[in-house]
Amino acid sequence: MVILNVISASERETENIAYQFAKTLQGGECIALYGALGVGKTAFVRGLAACLAPDSAVCSPSYAIVNEYGGPLRLCHFDMYRITDEDDLYSIGFYDYEGSVLAIEWSERIPYALPAHRYEVCLQKIDSEKEEDRAKRRIIITKQ
């Protein structure tokens with residue numbers, strides 16, 4: 001079910017969209033993020049963290065694989081780009097974060113590990129020749 005389909009005009013607007021979405025979360029949700037490199041997945045997570053863990057400085061967990069942010073709800077930010085199999089998930093403790101809000105970049109790498117009930121956030125660049133449209137992104141949030 002599509003719960004949001006919007007155009008973001010900037011990175012800041014992407015963060016604000018995520019912030020508003022985060023207000024609906026209660027803990028234990030999985031948010032699978034989809035999109036090409038540089039499309040704004042980490043910006044979306046910054047917006048989530050601004051609401052859920054306000055004093056956190058969010059950065060991409062590319063090398064750490066997971067960053068945890070504490071606040072009213074614990075947010076765990078995963079980057080699955082380098083994950084190759086189920087053993088990798090066990091070695092990083094992926095299944096030990098029950099009750100936390102999980103934000104998972106490159107979630108297409110682990111479809112077998114995603115819960116059936118989750119949110120999917122697809123971020124796409126707007127295809128346009130116009131200079132003023134280069135920062136625009138379509139953000140579609142669905143509930144599975």
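Reader: Which helices each supply at least two residues of the lining of the largest pocket?

Author: Helix H1 (11–22) and helix H2 (41–52) do. Helices here are DSSP runs (H or I, at least four residues), numbered from the N terminus. This is a predicted model: local features need pLDDT of at least 70, side-chain atom pairs count only at pLDDT 80 or more, and totals for chains, interfaces and linings use all residues. Residues are numbered from 1 along each chain, and side-chain values use heavy atoms, without hydrogens and water.

Reader: What makes a residue part of the lining of a pocket?

Author: On a 1 Å grid over the protein atoms alone, a pocket is an open set of points with protein on both sides within 12 Å along at least five of seven lines; a lining residue has an atom within 4 Å of a point. For the largest pocket, 18 residues qualify, and Gly-38, Val-39, Gly-40, Lys-41 and Thr-42 are the closest to its centre. H2 gives the largest share, four residues.

Reader: Why is Tyr-90 called exposed?

Author: Exposed means over 50% relative accessible area (1.4 Å probe, protein chains only). Tyr-90 has 55%, so Tyr-90 is exposed. Tyr-90 is found in helix H3 (residues 86–91).

Reader: Which residues make the nonpolar surface patch of about 350 Å²?

Author: Tyr-90, Tyr-95 and Tyr-112 make the patch. Nonpolar side chains are joined within 5 Å, like charges within 9 Å.

Terms used
On a 1 Å grid over the protein atoms alone, a cavity is a set of points where a 1.4 Å probe fits but cannot get out, and a pocket is an open set with protein on both sides within 12 Å along at least five of seven lines; lining residues have an atom within 4 Å of a point. Patches are made of residues with over 30% relative accessible area and no salt bridge: like charges are joined within 9 Å, nonpolar side chains (Val, Leu, Ile, Met, Phe, Trp, Tyr) within 5 Å. Accessible areas come from the Shrake-Rupley method with a 1.4 Å probe; for residues, only the protein chains shown count as cover. A salt bridge is a side-chain nitrogen of Lys or Arg within 4 Å of a carboxyl oxygen of Asp or Glu. Buried means under 20% relative accessible area, exposed over 50%, partly exposed in between (1.4 Å probe, protein chains only).
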